[in-house]
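Here is a short report on the secondary-structure packing of one protein chain. It moves from helix contacts to sheets and then to a loop residue.

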Amino acid sequence: MTSSSIEAITARQILDSRGRPTVEVDVRLAEGSVGRASVPSGASTGTHEAHELRDGGSAWEGRGVRRAVAHVGGEIAAAVRGLDALAQREVDARLVELDGTARLERLGANAILGVSLAVCRAAAAHRREPPYAHIAALAGTREITLPMPMVNILSGGLHAGRGMDVQDFLVIPASARSIDEAIDFVSRVRNAAARVMERRGLSTLLADEGGLSPGLATGRDALLLLTESIEEAGLRPGADAAIAIDVAATALWDRAAGAYRLAREGRLATSDEMIATAERWASEFPVVSIEDALDEEDWTGWQRLTERLGRRIRLVGDDLFTTHLDRVRQGIESNVANGVLVKLNQNGTLTGTLDVVAAARAAGYAPVISARSGETEDPFIADLAVGTAAGQIKIGSVRCGERLAKYNQLLRIEEESGAPFAGMAAIRL
């Protein structure tokens with residue numbers, strides 16, 4: 001064993017931002033350095049995501065993760081003990097090989113990811129460098145950047161009890177010149193949205209990611225409210241603050257009807273009607289990015305969508321790609337979308353996620369590092385976005401401790417690193 005060899009691994013069940021159990025892992029190296037990481041969980045999940053292992057039964061309504069924790073402390077610890085934490089790819093390959101299933105179903109992606117990220121943190125501690133610098137070395141990043149945030153303001157879909165059909169309406173602080181100014185701008189918009197909603201007598205209850213949940217009947221109504229909120233904040237729609245939309249259309253797909261069910265509007269929509277709606281939004285409002293406008297398996301619809309809008313705005317695949325390298329490659333070959341949402345727990349390992357970022361970037365697709373609806377206080381994705389120079393990050397709203405932990409980490413990195421701010425260059429086509 002060397003001083004950077006993995007000596008011990010422990011894990012425990014903790015709670016995420018929705019009060020549901022999740023996995024936290026500690027990795028200790030031979031010379032004493034320790035890395036800790038915790039694993040998020042999604043509400044709107046793609047079919048092809050790596051598998052999140054839950055206990056079932058009555059405890060924690062079946063959502064416990066004691067089995068995953070036991071796998072970390074038992075089989076996984078035995079398999080990686082003695083491996084060099086500086087050899088992240090070797091560690092991750094051993095973890096994937098040990099599980100032996102395509103979606104990490106046997107040991108659980110939540111168990112494997114917790115170990116993968118904790119090893120990265122321990123290695124960074126061993127090298128006495130911040131995690132973003134170690135990630136940059138792993139990713140081969142030549143120049144790190146601070147990412148442009150896209151920030152949740154209004155929520156519906158599975159993030160807000162289906163109060164609106166569309167899942168999220170977000171603001172991008174287009175004219176901001178730093179992370180500090182970007183967070184200032186979006187905070188002003190969110191506060192303004194709350195004031196506008198209060199004046200109208202709309203609900204200002206919080207959704208899973210800290211956004212406001214007004215329960216409006218149509219996407220256009222939400223876009224009008226968001227535009228008014230930008231103006232209320234003293235900003236110029238389009239110039240100072242652009243708009244991003246997460247439709248989360250997979251959750252709207254009605255297999256039996258063979259159409260998208262827009263329950264709040266009381267109608268079914270075909271793929272072409274969904275595409276036409278996206279076109280109207282992009283024409284009428286300063287929309288620069290639309291995520292998951294169609295179902296995860298609607299590949300022909302995605303091709304038509306990309307032909308119609310792919311030269312004007314970012315079309316981001318989340319459920320479509322699920323941070324899965326083969327699906328990203330399929331999308332590139334099929335000329336589908338032009339952006340990839342990147343979620344660590346969809347993939348299951350750090351190096352697997354880095355491979356997805358690299359493939360996206362090589363094809364001219366914009367990588368967007370993203371949190372999940374069920375988050376912890378772990379700010380790892382802030383370091384990931386900086387270390388990969390991804391250019392964009394999607395954390396949630398500027399509310400709730402698990403979200404603010406990541407925004408605050410970006411502020412610290414900005415101060416410490418002096419890295420440039422990506423700005424809109426990461427989004428513009």
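## Helix 2 against helix 11

This is a predicted model. Helix 2 (residues 88–99) and helix 11 (residues 350–362) have axes that come within 8 Å and cross at roughly 110 degrees. That makes helix 2 roughly perpendicular to helix 11, since angles of 65 to 115 degrees count as such.

The contact pairs Gln-88, Arg-89 and Asp-92 of helix 2 with Leu-350, Thr-351 and Asp-355 of helix 11. By class, the residues of this contact are one nonpolar, two polar and three charged.

Gly-317 has Val-340 of strand 13 as its bridge partner.

## Helices lying across that sheet

Helix 7 (residues 271–284) has 14 residues. From first C-alpha to last it reaches 20 Å, close to the 20 Å expected at 1.5 Å a residue.

Which residues of helix 7 are buried? They are Ser-271, Met-274, Ile-275, Thr-277, Ala-278, Glu-279, Trp-281 and Ala-282. An α-helix has 3.6 residues a turn, so residues three or four places apart point the same way. The buried residues pack against helix 6, strand 7, strand 9 (259–262), strand 10 (267–269), strand 11 and helix 8 (299–309).

A second open sheet has three strands in the order 1-2-3, with antiparallel pairing. Strand 1 and strand 3 (34–38) stand at the edges with a single partner strand each, so one side of each has no neighbour in the sheet. The twist averages 15 degrees from one strand to the next.

Strand 1 (residues 6–15) and strand 2 (residues 21–29) run antiparallel, joined by nine bridges. Ile-6 stands opposite Leu-29, and Thr-10 stands opposite Asp-26. Helix 1 (residues 66–80) packs on this sheet and touches strand 1 and strand 2. The direction of helix 1 makes about 175 degrees with that of strand 1. The hairpin of strand 1 and strand 2 has five residues between the strands. There, Gly-19 takes a positive phi near 75 degrees.

Is Leu-205 buried or exposed? Leu-205 has a relative accessible area of 61%. Exposed means over 50%, so Leu-205 is exposed.

Leu-205 lies in the loop between helix 5 (179–200) and helix 6. Not counting residues up to four places away in sequence, Leu-205 touches Gly-211, Leu-212 and Ser-213. Ala-194 is 11 residues from Leu-205 in sequence. Their C-alpha atoms are 9.6 Å apart in space.

Methods:
Residues are numbered from 1 along each chain as its sequence is written. This is a predicted model: local features need pLDDT of at least 70, side-chain atom pairs count only at pLDDT 80 or more; totals for chains, interfaces and linings use all residues. Side-chain values use heavy atoms; hydrogens and water are left out. Axes are lines fitted to C-alpha atoms, for helices over the stretch in contact, and angles run from 0 to 180 degrees between N-to-C directions. Helices (H or I, at least four residues) and strands (E, at least two) are DSSP runs, numbered from the N terminus. Angles under 35 degrees count as roughly parallel, over 145 as roughly antiparallel, 65 to 115 as roughly perpendicular and the rest as oblique. Contact means heavy atoms within 4.5 Å. Ala, Val, Leu, Ile, Met, Phe, Trp, Tyr, Cys and Pro count as nonpolar, Asp, Glu, Lys and Arg as charged, and the others, Gly among them, as polar. Two strands pair if DSSP finds at least two bridges between them. Buried means under 20% relative accessible area, exposed over 50%, partly exposed in between (1.4 Å probe, protein chains only). The expected span of a helix is 1.5 Å times one less than its number of residues.
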